[in-house]
Amino acid sequence: MGRSTENSTARATDRDVQRIIHLIPFLWSGAGNVVTRLAVSQQSRGHVAVVTSGRSRGETDWQLYRDRLEEAGVRHIQIDLFDRRPEVFWSSVRKLHEAVDSFKPDIVHCHAGVPVAAAAIVREEVPVPFLLIGQFHSWGPDRPDWMNRMDLWGFGRADRVICNAEEYRGILRDSGLPAERIVAVPWGLPLEEIEEAAGTSRPTSGRTIGFVGRIEPRKRQLELVQTMPCLASDDVRLELVGPVADAEYAARVQNAIDDAGLAERVSLKGEVPNVYAHVTNWDLFVSLSSDEGQGIAILEAMALGTPVVSTDIPGVREYLKDRQNGLILPSVEPGDVAATVSWALDHPNDVSDFADEARAMVRDRYHWDATIRAMNGVYSGTSHG
């Protein structure tokens, strides 16, 4: 699958200053965070552009990430890499061809299926080939077969595909992608920056659980709200931090809060200026997410010493170990979630030990500098899965 690009690899490594384009449907959530940080880091020793849809089908970039790129001098190019309708996709391929002709990248790093498919088509037509890197972040449930085929077609034509979850690497291998072209590069965290932003306060009274994520079905905030009446104690509060991604789903969440009389116990914080200041004050970070590429928000909670309760899903499964550095939920049924959360709140010494293990694990395995070194290895062809 795909063609050899030894010449493009040499071109990408023969000079000190690299020209890199990152393609991503939107700069949002955890993926947008790490792509923004990566582009800013790379800009210091090269020329970097980031291509996003900007606005498409009611979705938008998060302005915070766009502001960070602008402050660092990273060029932004707007091309719709989200809408899969043929009339939009083929127009985007043409615009991407023009952007590549103008920017002349050594490396095109694609974060998702639509971008890598578009870039693979463009590479067949440009006179000087570029190194094509695919990034397989996540693979949500209930995807239609045609969408899977489109994405796997694109990933199959990348020189290398970065994928951090073993289950997702299995999907790539099963599609026919040679194992030697699949690599894992865990996203590290700027630990000192996170700790400084969070401050040092911890809760002194009351019990609060929370979650960080866009309000959308795959994050399962509704199920978390439905858990609250099932808790053994009615003094527990829930904070949901994150912008609305699905207005209809957000309305269902709000209706569930109102119908259960939980307005005093559940708060929708929306987009906040300092996520870490919230997370560090929670007794538990509780995630019912149905899929994660890595679960950046969970790792950030661990880095801050906040105990984690989570579903057992790809990405998170790579590092979360039940009753070692966190708690894994047996299911997302309200009764099961409530039982696990109640046990955790009633056993603060145990979960504190889990949190200490988690914090040590993050410090040992998830450094941002290590991510940059590993990414350079992928670009140069010296990193292997």
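A residue counts as buried when its relative accessible area is under 20%. The exercises below concern a predicted model.

**Exercise 1. Determine which class of aromatic pair Y319 and Y366 form, and locate both residues.**

Solution. 
- Geometry: the ring centres are 5.9 Å apart and the planes stand at 75°. Angles over 60 degrees count as edge-to-face, so the pair of Y319 and Y366 is edge-to-face.
- Position in the chain: Y319 lies in the loop between β14 (308–310) and β15 (327–328), and Y366 in the loop between α14 (348–365) and α15. The two are 47 residues apart, and their pair links distant parts of the chain.
- Burial: Y319 is buried at 0% relative accessible area, and Y366 is buried at 4%.

**Exercise 2. Describe how helix α5 packs on helix α6.**

Solution. 
- Angle: α5 (residues 113–123) and α6 (residues 145–155) pack at about 50°, with their axes 8 Å apart. The two helices are therefore oblique to each other.
- Handedness: the crossing of α5 past α6 is left-handed.
- Contact: α5 contributes G113, V114, V116, A117, A120 and I121, and α6 contributes M150, D151, W153, G154 and F155. By class, these comprise 8 nonpolar, 2 polar and 1 charged residues.
- Aromatic surroundings: F155 also forms one aromatic cluster with F136, W139 and Y168.

**Exercise 3. Carry out the corresponding analysis for helices α12 and α14.**

Solution. 
- Angle: α12 (residues 296–303) and α14 pack at about 110°, and their axes are 7 Å apart. The range from 65 to 115 degrees counts as roughly perpendicular, so α12 is roughly perpendicular to α14.
- Handedness: these helices make a left-handed crossing.
- Contact: L299, M302 and A303 of α12 meet A358, R359, M361 and V362 of α14. The contact has 6 nonpolar residues, no polar residues and 1 charged residue.

Methods:
Residues numbered from 1 in each chain as written. Predicted model: local features only at pLDDT ≥ 70, side-chain atom pairs only at ≥ 80, totals over all residues. Heavy atoms only, no water. Axes fitted to C-alpha atoms, helices over the stretch in contact; angles between N-to-C directions. Helix = DSSP H or I, 4+ residues; strand = E, 2+ residues; numbered from the N terminus. Parallel < 35°, antiparallel > 145°, perpendicular 65-115°, else oblique. Left-handed = near helix turned anticlockwise from the far one by under 90°. Contact = heavy atoms within 4.5 Å. Nonpolar A, V, L, I, M, F, W, Y, C, P; charged D, E, K, R; others polar. Phe/Tyr/Trp six-rings, centres within 6.5 Å; stacked < 30°, edge-to-face > 60°. Buried < 20%, exposed > 50% of the residue type's maximum accessible area, 1.4 Å probe, protein only.
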